Amino acid sequence: AMMIGLSLITSAMSPLGDALTISTLRRPGAFDPRYGRVRMFGSAGFIAAVLLGGALFERYGMSAFPWLA
């Protein structure tokens with residue numbers, strides 16, 4: 001029940017964040033041409049972290065993540 005409640009509350013956070021970002025960028029003079037590059041490298045960093053974390057977990061198990069154990 002707790003996970004369902006948490007999912008209901010947090011499921012709208014990403015679309016709301018995107019909407020806020022887009023509305024902010026539409027203001028005159030607010031657009032930063034680096035926005036796309038920042039998003040691209042953020043996504044690439046996330047992918048790299050997931051792949052590295054998955055490889056560490058597969059090789060060493062939960063002992064590679066002591067803060068989660």
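Start by selecting Arg-39 and Asp-18, which form a salt bridge in this predicted model, their closest N and O atoms being 3.8 Å apart. A salt bridge here is a side-chain nitrogen of Lys or Arg within 4 Å of a carboxyl oxygen of Asp or Glu. The structure holds one such bridge. Arg-39 sits in helix H3 (residues 35-60) and Asp-18 in helix H2 (residues 13-25), so the pair, 21 residues apart, links distant parts of the chain. Helices (H or I, at least four residues) and strands (E, at least two) are DSSP runs, numbered from the N terminus.

Colour both residues by accessibility. Arg-39 is partly exposed at 43% relative accessibility, and Asp-18 is also partly exposed, at 37%. The classes are buried for under 20% relative accessible area, exposed for over 50%, and partly exposed in between (1.4 Å probe, protein chains only).

A word on the model: residues are numbered from 1 along each chain as its sequence is written, and side-chain values use heavy atoms, with hydrogens and water left out. Because this is a predicted model, local features need pLDDT of at least 70 and side-chain atom pairs count only at pLDDT 80 or more, while totals for chains, interfaces and linings use all residues.

Next, select H3. This helix has 26 residues and reaches 37 Å from its first C-alpha to its last, close to the 38 Å expected at 1.5 Å a residue. The expected span is 1.5 Å times one less than the number of residues. Gly-61 follows H3 and has a positive phi, near 75°.

Now pick Phe-46, Ile-47, Val-50 and Leu-51. Together they form a nonpolar patch on the surface, with about 440 Å² of accessible area. Patch members have over 30% relative accessible area and no salt bridge; like charges are joined within 9 Å, nonpolar side chains (Val, Leu, Ile, Met, Phe, Trp, Tyr) within 5 Å. Areas come from the Shrake-Rupley method with a 1.4 Å probe, and for residues only the protein chains shown count as cover. Val-50 lies in H3 and is partly exposed at 46%. An α-helix has 3.6 residues a turn, so residues three or four places apart point the same way.

Move on to Phe-57, Phe-65 and Trp-67, which form one aromatic cluster. Two aromatic pairs are found in the whole structure.

- Phe-57 and Phe-65 make a tilted pair, 6.4 Å centre to centre with 45° between the planes.
- Phe-65 and Trp-67 make an edge-to-face pair, 5.7 Å centre to centre with 85° between the planes.

Rings of Phe, Tyr and Trp (its six-membered ring) pair if their centres lie within 6.5 Å; planes under 30 degrees apart count as stacked, over 60 as edge-to-face and the rest as tilted. Phe-65 is buried at 14%, Phe-57 is partly exposed at 44%, and Trp-67 is exposed at 64%.

Finally, show the whole chain. There are three helices and zero strands, in the order α-α-α. The C-alpha trace spans about 50 × 35 × 15 Å along its principal axes. The radius of gyration is 18 Å, whereas a compact globule of 69 residues would have one near 11 Å. That radius is taken over C-alpha atoms, and the globule rule is 2.2 Å times the number of residues to the power 0.38. Of the 69 residues, 6% count as buried.
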